[in-house]
Amino acid sequence: MTTLKILPLGDSALVCEAGTTPTLATQRRVWHVAALARDWPDVREVVPGMNNLTLLFDPLATDIDGLAERLRDAWQTQPAAGEVGRDIEIPVHYGGQHGPDLSDVARHARLQPKTVVQRHTAPEYIVYFLGFQPGFAYLGGLDESIATPRRAEPRLSVPAGAVGIGGNQTGVYPLTSPGGWQIIGHTERALFDPAASPPALLAPGDRVRFTIASLDL
């Protein structure tokens, strides 16, 4: 089991760090502890991240050492068996105007663009956590052979629905924003809709598969 490091963040938060290498087993434990901590009366907010968990608490109502000990005890408990989350399919238009960086990813990986697409659509990805933008999911499971560094010069505007690779991560931009990931495709599925309930399409623990809506190679 990964050792938990607990550090103060100001006088009203604790950060729990569980190493630097993301694994599904560690992430499941993060989700498990987060679910337990949400029921603690002195905890105001719980923010799970990748390999970490942040608790915001009431400093006037909390013994910080006692809270840290509760966290350590919770980390030792066993997450419930069974799958967490839903199966979500995201159709992607790969290449061409939808994926202007697909050829760059292929050159970096020393593969044909079609092979990059095949390897991108092969895995079942797991949503580790949401961050960066509302509804932006950090996914575990990218084939290491197509991991590609971020662009040296980020774009000032990346459209909502852009599917990209950044290092050993892949994901979908829910909103139009600046960004430095390598854009290999585009999906028409809405990742974030403030009028929906819940507004984000994806949640931690969901299982995601990318499918080919079209190819422009």
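K5 stands opposite E17 in strand β2. That pair is a handy way into this model, which is a predicted one: local features need pLDDT of at least 70, side-chain atom pairs count only at pLDDT 80 or more, and totals for chains, interfaces and linings use all residues. Residues are numbered from 1 along each chain as its sequence is written, and side-chain values use heavy atoms, with hydrogens and water left out.

**The sheet**

Let's stay with β2 for a moment. Strand β2 covers residues 13–17 and pairs with β1 in the antiparallel sense, over 4 bridges. (Strands here are DSSP runs of E with at least two residues, and helices are runs of H or I with at least four; both are numbered from the N terminus. Two strands pair if DSSP finds at least two bridges between them.) What holds such strands together in general? Strands of a sheet pair through backbone hydrogen bonds, either parallel or antiparallel.

β1 and β2 belong to an open sheet of 4 strands, in the order β1-β2-β4-β3, with antiparallel pairing. Its edge strands are β1 (5–8) and β3 (43–48), and each of them pairs on one side only. From one strand to the next, the twist averages 20°, with axes taken as lines fitted to C-alpha atoms and angles running from 0 to 180 degrees between N-to-C directions.

**Salt bridges**

How many salt bridges does the structure hold? There are 8, where a salt bridge means a side-chain nitrogen of Lys or Arg within 4 Å of a carboxyl oxygen of Asp or Glu. The idea behind them is simple: side chains of opposite charge can pair when their charged atoms come close. Here are some of them:

| Pair | N to O distance |
|---|---|
| R207 and D87 | 2.8 Å |
| R151 and D101 | 3.3 Å |
| R155 and D101 | 2.7 Å |

The salt bridge between R207 and D87 links distant parts of the chain: R207 is in strand β13 and D87 in strand β5 (residues 87–95), 120 residues apart. R207 counts as buried at 11% relative accessibility, while D87 is exposed at 56%. (Buried means under 20% relative accessible area, exposed means over 50%, and partly exposed is in between, using a 1.4 Å probe and protein chains only.)

D101 shows up in two rows of the table, with R151 and with R155. Through these shared partners, salt bridges join D101, R151 and R155 into one network. Is D101 buried or exposed? D101 is buried, with a relative accessible area of 1%.

**A glutamine in a loop**

Next comes Q133, which sits in the loop between β6 (125–130) and β7 (137–140). Q133 is buried, with a relative accessible area of 9%. Its side chain makes a polar contact of 2.5 Å with the side chain of S177. A polar atom of the Q133 side chain also lies 3.2 Å from the backbone nitrogen of L175.

**A patch on the surface**

Which residues form the nonpolar patch on the surface? They are I212, L215 and L217, with about 270 Å² of accessible area together. (Patch residues have over 30% relative accessible area and no salt bridge; nonpolar side chains are joined within 5 Å, like charges within 9 Å. Areas come from the Shrake-Rupley method with a 1.4 Å probe.) L215 lies in strand β13, residues 207–216, and is partly exposed at 39% relative accessible area.

How values were computed:
Two strands pair if DSSP finds at least two bridges between them. A polar contact is a pair of N or O atoms within 3.5 Å; within protein, one must be able to donate a hydrogen and the other to accept it, and residues adjacent in sequence count only if both atoms are side-chain atoms.
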